Amino acid sequence: MKMSPRQQAAMLEAAQEQTRLDGLIARAACLPEKAELDRLEGSLRRELTGGARSKLNAADLGRDIAKLQSDISKLIAREKADRLSLGAVEDKFERRELQRDMESTRRRRLRTERKLEEYKKMQQAYAADAQRSVGAEEANKDIAEARERLAGAERDIRARIAVAETKLQERISALEGDAAKLYGKLSQANGIPVAKIDGRTCGSCFMELDVGTLHDFDALPADQVTFCPECGAMLVRPATLAVAMK
Ligand SMILES: [Zn+2]
């Protein structure tokens, strides 16, 4: 197939503009500003759930602590009753029973008091955790700022995409009959439809062309259309580009 070097070069320019546009669209899909916003929102969510859980745990502990305190008062009352009875009872057997009960009550009270101390410490830790969610206000401010940065980045990339789309349309409408038809057909396939040869490498699939193919290409006139034997992309040879630039 023959085609004027200028039209071949125009096809190459259209393909290059398409690549630029694809790059911008890909970048728009994974803006670093979006990743940063997701990170901030995720960490706030975790913080809030953690804070809420701590509040629940602190409330549970509060009930346990009240129970322990009431147990301790009962045990103290029992010890006191035992002591008073000891003062009044003369019977040896009864006195021994009272002493035994007083001693076991004291041990239970000490155990309960130790537990109460532990629970109080845990409650303080949970309260400190729950307090952290107060930092949510600060985090919300960071999130609002990150959201603004993202909106700015999105506006910017959308504008650049719009410019690239316009340029691409201009380049495509600059293609004449056969060139337009071939470009349309090549664009249906995956990958870059038209590329340069970079040294020995196809600019579309990045495979190295064998020496025989390159040798054949060199022998062809500038208006001869050539294709990559590996990927089928149209290759605009240096000789063709040189003529197109004249
Ligand atoms: Zn190729």
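This is a predicted model: local features need pLDDT of at least 70, side-chain atom pairs count only at pLDDT 80 or more; totals for chains, interfaces and linings use all residues.
Glu 103 is partly exposed, at 32% relative accessible area. Arg 107 is partly exposed too, at 44%.

Next, pick Glu 79, Arg 109 and Glu 113. Salt bridges with shared partners join these three into one network. Zoom in on Glu 79 and Arg 109: their salt bridge spans 2.4 Å, N to O. Glu 79 belongs to helix 2 and Arg 109 to helix 3 (residues 92-132), so the pair ties together parts 30 residues apart in sequence. Are they buried or exposed? Glu 79 is buried, at 7% relative accessibility. Arg 109 is buried as well, at 16%.

Now go to Glu 13 and Arg 171. Here the salt bridge is 3.7 Å, N to O. Glu 13 is in helix 1 and Arg 171 in helix 4, and 158 residues separate them. Glu 13 is partly exposed at 35%, and Arg 171 is partly exposed at 30%. The model's salt bridges number 16.

Stay with helix 4 (residues 136-173) and select Glu 138. Glu 138 is partly exposed, at 48% relative accessible area.

Finish inside. The largest nonpolar core holds 33 residues, and Met 11, Leu 182, Tyr 183, Val 194 and Met 234 have the most contacts within it. Elements giving two or more residues include helix 1 (5-29), helix 5 (177-188) and strand 4 (234-236). Helix 4 gives the most, with 9 residues.

Key. Residues are numbered from 1 along each chain as its sequence is written. Side-chain values use heavy atoms; hydrogens and water are left out. Helices (H or I, at least four residues) and strands (E, at least two) are DSSP runs, numbered from the N terminus. Buried means under 20% relative accessible area, exposed over 50%, partly exposed in between (1.4 Å probe, protein chains only). A nonpolar core is a set of buried Ala, Val, Leu, Ile, Met, Phe, Trp, Tyr and Cys residues joined through side-chain atoms within 4.5 Å. A salt bridge is a side-chain nitrogen of Lys or Arg within 4 Å of a carboxyl oxygen of Asp or Glu.
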